[in-house]
Amino acid sequence: MSPCTSSYLTTSAALILLASNSPATAFAPQPTKIAKASSRRSPTYLHESKDNDRARMEKSWEHMMGSDWREFRAKLVAQEQDMVGDKQNSATKQASSSSKKEEKIGNFISGAISSIFSKGESSKEKEREETVSPTAVKEEYNDSSPIDIFDGVDVGGATKFSKIQINSPCDDPFMDEEECHIVYDEPHVQIDSHRWAHPLYHVEPGCILIANEKLGGVFHQTVVLIIDHNENTGSTGMVINRPFPGNLIKIASDTDSNIDLSLKMAFSKAPVSYGGPVMQDQFSTLHGFGEVMGSKKVCPGVFVGGSSQLMQEVRRNHLHPTEVLFVKGHAAWVPGQLTREIEKGVWYIAAASADLILRYAGAPVSKDDNASDLWADVLSCMGEKYEDIATTHSGRGDERMLP
């Protein structure tokens, strides 16, 4: 074989490998490496496989160690809501108890005055004592709280969180005692790690935007995952609750796209979602596999990009195609635009569990989930007024393209 022929074959093989490694994401472009043609697997392939295994293990360790800071924050939010609810209930009960006391005291005084100015004072006095005896009034005063006083709550300034500290509860010189309790104490309120969501008052990567019930157009009742947010450069996100009626091989073949043939074949059964009106010929990948090469960790347990590495894991039977959601297009905001929309009430901001975010990327679904309406499901998890919105306006579900 001549040197020219050998060089031509090597260059052709390199171009084929380059094409197979092209990323399918608008958010996390990855570098490509050209390897020498070989009949056996190259060291680069083996090295990338080890990196993929490491990424998967790191994600599993993070889950087992409970190091999801977002879940810890959700517990603190739930605990704060619980404390507010307890105070409101206690105030209501105390007001009711106080009203009853005042009523009985009023009856007591009225009876006393009427007995002075009426005939048959002795008989009236006896009747008054039978109606409201001083013993009853005394007992009413002793029961000063609707909570059982012998539980130790509200005695001497104690609360249900009060503890006896042998040593100083905080050795951190940069925090006071109250801050130490917030950071180091285990929240007494437990949440379901599979399904939790709570309101946020700021935008951050990994948060979700829930469309206001009045919003129309292509974003009607959508849930948008924020990938990047910067006040100076703008924001990007993807709709995660508009699944197309078909898998990747069908959607990519029926519409204009730049997706590689090898990806279409490997992920032929993968689900596809409408991601937004920007760059609709581009596909991004949303998954919970791990932070493989070319991917980006959006928040604990949620990743975008890295399609070529995920394809290798599918071929190794370490990943099922249905555990990766291909998102067609995305949403984008110029600097300041998203802030203005939020101020006008277009979006509700929330933090949500990884399983809710990955609803259409292979996450488990429980009997408590509203499997066909993520918009309503997230609002229900947020509670309070948001649950009422979900109950009033839900019904059409996720599998639709236009309102």
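# Briefing on the predicted model

F72 lies in helix α3, which spans residues 69-117. Of the 403 residues in the chain, 41% are buried, and among contacts between residues at least 6 apart in sequence, 70% join residues at least 24 apart. The chain exposes about 23,000 Å², of which carbon and sulfur atoms supply 54%.

- At a relative accessibility of 31%, F72 counts as partly exposed, a class that runs between the limit of 20% for buried residues and that of 50% for exposed ones.
- F72 and Q190 are separated by 118 residues in sequence, while their C-alpha atoms are 9.8 Å apart in space.

**Nonpolar cores**

- The largest nonpolar core has 52 residues, and those with the most contacts inside it are I208, I210, L225, L286, V302 and L379.
- Helix α12, covering residues 374-382, contributes the largest share of this core, namely seven residues.
- A second, separate core holds 18 residues, including L248, I251, L263 and V324.
- Leaving aside residues up to four places away in sequence, L379 touches I210, Y348, Y386, E387, I389 and A390.

- Eight of the nine residues of α12 are buried, so the helix is largely enclosed by the rest of the structure; the buried residues are L374, W375, A376, D377, V378, L379, C381 and M382.
- The cover over the buried residues of α12 includes the strands β1 (197-199), β2 (208-211), β3 (223-230) and β11 (347-352), together with the helices α11 (354-357) and α13.
- Following α12 comes G383, whose phi is positive, near 75 degrees.

**The pairing of α12 with α13**

- The axes of α12 and helix α13 (residues 384-393) come within 6 Å and cross at roughly 150 degrees.
- Because angles over 145 degrees count as roughly antiparallel, α12 and α13 are therefore roughly antiparallel to each other.
- The crossing in which α12 passes α13 is left-handed.
- On the α12 side, the residues that take part in the contact are W375, A376, L379, S380 and M382, and in α13 they meet E384, Y386, E387, I389, A390 and H393.

- Helix α9 covers residues 307-315, and eight of its nine residues are buried, so α9 is largely enclosed by the rest of the structure.
- The buried residues in α9 are S307, S308, Q309, L310, M311, Q312, E313 and V314.
- Just after α9, N317 takes a positive phi of about 60 degrees, although N317 is not a glycine.
- N317 is found in the loop between α9 and β10 (324-333), where N317 is exposed, with a relative accessible area of 69%.

**M279 in strand β7**

- M279, a residue other than glycine, also has a positive phi, with a value near 50 degrees.
- M279 is found in strand β7, which runs over residues 278-287, and with a relative accessible area of 42% it is partly exposed.

**I240 between β4 and β5**

- I240 is found in the loop between strands β4 (234-239) and β5 (243-247).
- Although I240 is a loop residue, it counts as buried, at 2% relative accessibility, a value under the 20% limit for that class.
- Not counting residues up to four places away in sequence, I240 touches V223, L225, S273, L286, I357, Y360 and L374; of these, L225 and L286 are listed among the residues with the most contacts inside the largest nonpolar core, and L374 is one of the buried residues of α12.
- I240 and V272 are 32 residues apart in sequence, with a C-alpha to C-alpha distance of 9.6 Å in space.

Notes. Residues numbered from 1 in each chain as written. Predicted model: local features only at pLDDT ≥ 70, side-chain atom pairs only at ≥ 80, totals over all residues. Heavy atoms only, no water. Buried < 20%, exposed > 50% of the residue type's maximum accessible area, 1.4 Å probe, protein only. Contact = heavy atoms within 4.5 Å. Areas by Shrake-Rupley, 256 points an atom, 1.4 Å probe, with all protein chains shown as cover. Helix = DSSP H or I, 4+ residues; strand = E, 2+ residues; numbered from the N terminus. Core = buried A, V, L, I, M, F, W, Y, C linked by side-chain atoms within 4.5 Å. Axes fitted to C-alpha atoms, helices over the stretch in contact; angles between N-to-C directions. Parallel < 35°, antiparallel > 145°, perpendicular 65-115°, else oblique. Left-handed = near helix turned anticlockwise from the far one by under 90°.
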